[in-house]
Amino acid sequence: WLWPGRLARGKVHLLGGDPEMLKTTLAVKLVADLSQGRALPGELRALVGPMASIIFSWEDSAADTLRGRLELAGADLSRVLLVEDDLPTIPDDLAAIERAVDHAKERTG
């Protein structure tokens, strides 16, 4: 587990819901913490070291929204891959998602 009972290690997770439910805020916080190897909300210690994350964004722009939020949250941006062009659909594009994960792993070790 990355976050016990919430995020399984090595799995794809989708965060969806109604507008104004703080989905992006939660995603940015989790990605920032994971990129630095920090404990996730409610945990006393980190369960994993620094790791890469990918954000596929259908709504928020990487350039004018996500990057700034990630910086403010203290993310290590070298471990975050933001994808907003050629967005995949699930399950049709699982191979493309796997390629993005492999690319993120190569970038961050």
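# Working chat on a predicted model

Q: Where is Pro-19?
A: Pro-19 sits in the segment before α1. This is a predicted model.

Q: Buried or exposed, that Pro-19?
A: Pro-19 is exposed, because its relative accessibility is 63% and the cut-off for exposed is over 50%.

Q: How far is Pro-19 from Val-48?
A: Their C-alpha atoms are separated by 31 Å. Along the chain, Pro-19 and Val-48 are 29 residues apart.

Q: And Trp-58 to Leu-87, what is the separation there?
A: The C-alpha atoms of Trp-58 and Leu-87 are 7.2 Å apart, and these two residues are also 29 residues apart along the chain. Trp-58 belongs to the loop between β1 (53-56) and α2.

Q: Is Trp-58 buried or exposed?
A: Trp-58 is exposed, as its relative accessible area is 52%.

Q: Before I go on, what is the mean pLDDT of the chain?
A: The mean is 86, and 97% of the residues reach 70 or more.

Q: Where is confidence lowest, and where is it highest?
A: Confidence is lowest in α3, with a mean of 76. The highest value, 93, belongs to helix α1, which covers residues 23-36.

Q: Where does Glu-20 lie, and is it buried or exposed?
A: Glu-20 lies in the segment before α1. With a relative accessible area of 77%, Glu-20 is exposed.

Q: What about the phi of Leu-22?
A: The phi of Leu-22 is positive too, near 70°, and Leu-22 is not a glycine either. Leu-22 is in the segment before α1.

Q: Leu-22 is a leucine, so why does it count as exposed?
A: Leu-22 counts as exposed because its relative accessibility is 59%, and exposed means over 50%.

Q: How far is Leu-22 from Arg-69?
A: Leu-22 and Arg-69 are 13 Å apart in space, C-alpha to C-alpha, and 47 residues apart in sequence. Arg-69 is part of helix α2, residues 62-72. At 37% relative accessibility, Arg-69 counts as partly exposed.

Q: Changing topic: how many salt bridges are there?
A: The count is 3 salt bridges.

Q: Which residues are linked in a network of salt bridges?
A: The network links Lys-29, Asp-33 and Arg-38. Asp-33 pairs with Lys-29, with the closest N and O atoms 2.9 Å apart. Asp-33 also forms a salt bridge with Arg-38, where the closest N and O atoms are likewise 2.9 Å apart.

Q: Where do Asp-33 and Lys-29 lie?
A: Both lie in helix α1, 4 residues apart, which is about one turn of the helix.

Q: Is Asp-33 buried or exposed?
A: Asp-33 is buried, because its relative accessibility is 2% and buried means under 20%.

Q: And what about the accessibility of Lys-29 and Arg-38?
A: Lys-29 is partly exposed, at 38% relative accessibility. Arg-38 is partly exposed as well, with a relative accessible area of 32%.

Q: Which residue forms a salt bridge with Asp-76?
A: Asp-76 forms a salt bridge with Arg-79, with the closest N and O atoms at 2.7 Å. Arg-79 has a relative accessible area of 22% and is therefore partly exposed.

Q: Now rings. How many aromatic pairs does the structure hold?
A: The structure holds 0 aromatic pairs.

Q: What lies over the face of Trp-3?
A: Arg-6 does, at 4.7 Å from the ring centre.

Q: Last topic, the surface. Which residues form the nonpolar patch?
A: Val-12, Leu-14, Ile-90 and Leu-94 form this patch. Together they have about 390 Å² of accessible area.

Q: Where is Leu-94, and how accessible is it?
A: Leu-94 is in helix α3, residues 94-108. Leu-94 counts as partly exposed because its relative accessibility is 39%. On confidence, α3 is the part of the chain where the mean is lowest, at 76.

Terms used
Residues numbered from 1 in each chain as written. Predicted model: local features only at pLDDT ≥ 70, side-chain atom pairs only at ≥ 80, totals over all residues. Heavy atoms only, no water. Patch = residues over 30% accessible without salt bridge, like charges linked within 9 Å, V, L, I, M, F, W, Y side chains within 5 Å. Areas by Shrake-Rupley, 256 points an atom, 1.4 Å probe, with all protein chains shown as cover. Salt bridge = Lys/Arg side-chain N within 4 Å of Asp/Glu carboxyl O. Helix = DSSP H or I, 4+ residues; strand = E, 2+ residues; numbered from the N terminus. Buried < 20%, exposed > 50% of the residue type's maximum accessible area, 1.4 Å probe, protein only. pLDDT = per-residue confidence, 0-100. Phe/Tyr/Trp six-rings, centres within 6.5 Å; stacked < 30°, edge-to-face > 60°. Lys NZ or Arg CZ within 6 Å of the ring centre and 35° of its normal.
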